[in-house]
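This briefing walks through one chain, topic by topic. Please have the sequence and the structure open side by side.

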Amino acid sequence: MLRGGTSLLGIVNFVTFLISIPILGGGIWLASRANSTDCIRFLQWPIITIGLAVMVVSLMGFAGACYRQTWLLRLYLFAMFFIVVALLFFIVFAFAVTDRGDGQIVMNRRFLEYQLSDYYGWLKDRVADPQYWATISACLRDGRACSRMRRFARNPNTGMLMPETPDMFYARDLSPIQSGCCKPPTSCAFTYVNETLWTTNPGVPTVMNDMDCNRWSNDQQTLCFQCDSCKAGVLAGIKKSWRKVAILNIVVLIILVIVYVAGCAAFRNARRIENNEPFGMARMTKSQPSRFQF
């Protein structure tokens, strides 16, 4: 039966267990996007690992509090310290690798355009690697990333459904992957037929040296999956996903630090109770006390 400081430790560990749930939820959400949207399958594992570690360590601390096992509580506090450091490292890393790169505003378009040159660093090199991009592009095709592009509007005169007009398409708020992978860049000045079907317009000049214009294909299995704009769209999608999870983890980190400090205080109180020490009594356990002591 819990008593005094150990009861507080039990409460602290229960709160820590609850904190692990949103961490795991963020990792599972990233994993679901990896399978259906972003197609990046290595980014979710660090956060899932941290969430599982928090859950296991909190259960270990709860057991130590219930059975009043001092060595288990010590192990819990040491493990929780390293988890806090790992979570802090992940947050810093997430913001560092997604620091640069934003969509570009285009006149008369609601959606943004994405260029690979706006990104740099490790994540860009990872995504742009030909071997790894072959896996990502295959995932996008197999996941039918562009199949949800098609929309129909009702004709006000006949009441029949018809494909949306160019003006309706240009007013849409496309996702980064839809904008970068499912249509040619606006700079190519292609003529709109439908969302994933465009024709060249020889009479309209395009931006010089834009290789994406040559990479575009009306083949529904090709589209712009080999374009640099598609790689930039994937990077923009990753940035949005990681920033959301990182912000959640900042809140979790603050709570976790508070819980860790409370756990240290509760552990010391539990030791005082077991040693029958009055609160506020100064005690020297050794003539030369150890440097680290809870």
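Ala246 lies in helix 9. Its relative accessible area is 0%, so Ala246 counts as buried. The model is a predicted one.

**Ala246 and its surroundings**

- Beyond its neighbours within four places in sequence, Ala246 is in contact with Ile91, Ala94 and Phe95.
- Ala246 and Leu87 are 159 residues apart along the chain, and 9.6 Å separates their C-alpha atoms.

**Other positions in helix 9**

- Asn249 is also placed in helix 9.
- Is Asn249 buried or exposed? Asn249 is buried, because its relative accessibility is 1%, under the 20% cut-off.
- Asn249 contacts Ile23, Ile47, Leu87, Phe90 and Ile91, with neighbours within four places in sequence left aside.
- Leu253 sits in helix 9, which covers residues 228-274.
- Leu253 has a relative accessible area of 12%, so this residue is buried too.
- Which residues does Leu253 touch, not counting those up to four places away in sequence? They are Val84, Leu87, Leu88 and Ile91.
- The C-alpha atoms of Leu253 and Leu87 are 7.0 Å apart in space, while the two residues are 166 apart in sequence.

- Leu87 is among the residues of the largest nonpolar core that touch the most other members.

**The largest nonpolar core**

- This core holds 71 residues.
- Ile47, Leu87, Ile136, Leu140, Phe169 and Leu256 touch the most other members.
- At least two core residues come from each of helix 1 (4-36), helix 2 (44-67), helix 3 (70-97), helix 4 (122-128), helix 5 (130-142), helix 6, helix 7 (176-181) and helix 9.
- Which helix gives the most to the core? Helix 9 does, with 16 residues.

**Overall architecture**

- The chain has nine helices and four strands.
- From the N terminus, the order of elements is α-α-α-α-α-β-β-α-α-β-β-α-α.
- The chain has 294 residues, and 42% of them count as buried.
- Among contacts with a separation of 6 or more, 69% join residues 24 or more positions apart.
- The accessible surface of the chain is about 16,200 Å², and carbon and sulfur atoms account for 62% of that.

**Annotated spans**

- Residues 75-97 are 100% helix and 0% strand, with end C-alpha atoms 33 Å apart.
- Residues 245-263 are likewise 100% helix and 0% strand. The end C-alpha atoms of this span lie 26 Å apart.

**Aromatic pairs and cluster**

- How many aromatic pairs does a search of the whole structure find? There are 12.
- One of them is Tyr170 with Tyr192, an edge-to-face pair at 6.3 Å centre to centre and 65° between the planes.
- This pair links distant parts of the chain, with Tyr170 in helix 6 (residues 166-170) and Tyr192 in strand 3 (residues 191-194), 22 residues apart.
- Tyr170 and Tyr192 are both buried.
- Phe89, Phe90, Phe93, Trp122 and Trp242 form one aromatic cluster.

**Charges over rings**

- Tyr170 also has a charge over its ring: the charged end of Arg109 sits 3.7 Å from the ring centre.
- Arg126 lies over the face of Tyr132, and the distance to the ring centre is 4.2 Å.

- Asn108 is not a glycine, yet its phi is positive, at about 65°.
- Where does Asn108 lie? It is in the loop between helix 3 and helix 4.
- Asn108 is exposed, because its relative accessible area is 63%, over the 50% cut-off.
- Ala189 also has a positive phi, near 60°, in a residue other than glycine.
- Ala189 lies in the loop between helix 7 and strand 3.

Key: Residues numbered from 1 in each chain as written. Predicted model: local features only at pLDDT ≥ 70, side-chain atom pairs only at ≥ 80, totals over all residues. Heavy atoms only, no water. Buried < 20%, exposed > 50% of the residue type's maximum accessible area, 1.4 Å probe, protein only. Contact = heavy atoms within 4.5 Å. Areas by Shrake-Rupley, 256 points an atom, 1.4 Å probe, with all protein chains shown as cover. Phe/Tyr/Trp six-rings, centres within 6.5 Å; stacked < 30°, edge-to-face > 60°. Lys NZ or Arg CZ within 6 Å of the ring centre and 35° of its normal. Core = buried A, V, L, I, M, F, W, Y, C linked by side-chain atoms within 4.5 Å.
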